[in-house]
Amino acid sequence: MSFSAGSPVPILTRGLPTSLVPSLGMFSLLVCPFFRLLRSVTTKGEWEKWILYMLDGIQTTAVETRERITSIRRLLDQTLALGHTKLPARVYSKELIEILFRQPYTKVQNLVDSGIAERKTAAVYLRELEKAGILRGKKVGKEFLFLNGKLFQLLSK
């Protein structure tokens, strides 16, 4: 891959380990229209193309974000329904399921901090969520983390 003298890549990569430079090369291909159009603004006063480019980027980001939020809400509704049918009545609560959507993983302390349950009870709740197939537990260091795999997949797209 070659870059012109006006390319931002040498500036972006200066002082970085060479192992990072190839991934930044990919990044530069994505941002080059931005820099090219911005340069046209500063050298030729061509504002319209740059503004349209920026508005297109904003629109694309807004659409993708709205779709992601809709997918997360749909998954939350599905998880609430699944929890209602698969979890024991003493475990299931809307508040418990909602905590699982604050971030893609949770741990006993998250439930304790939220006031859902004391430590031992919170551990039981998380194990029940694991049995129901809603979470996957994994020991990391001294504690167990419970991954909301479906939420993680949505956020990873």
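Reply: Rings of Phe, Tyr and Trp (its six-membered ring) pair if their centres lie within 6.5 Å, with planes under 30 degrees apart called stacked, over 60 edge-to-face and the rest tilted. By this rule there are 4 aromatic pairs. This is a predicted model, where local features need pLDDT of at least 70 and side-chain atom pairs pLDDT 80 or more, while totals for chains, interfaces and linings use all residues. Residues are numbered from 1 along each chain, and side-chain values use heavy atoms, without hydrogens and water.

One of the pairs joins Phe34 and Phe35 edge-to-face, with 5.3 Å centre to centre and 80 degrees between the planes. Phe34 also pairs with Trp50, this time tilted, at 6.3 Å centre to centre and 55 degrees between the planes. Phe34 belongs to helix 2 (residues 21-44) and Trp50 to helix 3, so this pair ties together parts that are 16 residues apart in sequence. Together with Trp47, the residues Phe34, Phe35 and Trp50 make up one aromatic cluster.

Phe34 is partly exposed at 25%, and Phe35 is partly exposed at 33%.

Helix 3 spans residues 47-86 and packs with helix 7 (residues 149-156) at about 175 degrees, the axes being 10 Å apart. Helix 3 brings Arg68, Ser71, Ile72 and Leu75 to this contact, and helix 7 brings Lys150, Leu151, Leu154 and Leu155. Contact here means heavy atoms within 4.5 Å.

Now for the sheet, an open one of 3 strands in the order 1-3-2, with antiparallel pairing. Strands pair if DSSP finds at least two bridges between them. Strand 1 (105-106) and strand 2 are at the edges with a single partner strand each, so one side of each has no neighbour in the sheet. Strand 1 is joined to strand 3 by 2 bridges, and Tyr105 has Leu147 as its bridge partner in strand 3. Between strand 2 and strand 3 (residues 143-147) there are 5 bridges, and Gly137 has Phe146 as its bridge partner in strand 3. The hairpin of strand 2 and strand 3 has 2 residues between the strands, and Gly141 takes a positive phi near 65 degrees there. Strand 2 (residues 136-140) is hardly covered, with 0 buried residues among its 5.

Key. Axes fitted to C-alpha atoms, helices over the stretch in contact; angles between N-to-C directions. Helix = DSSP H or I, 4+ residues; strand = E, 2+ residues; numbered from the N terminus. Buried < 20%, exposed > 50% of the residue type's maximum accessible area, 1.4 Å probe, protein only.
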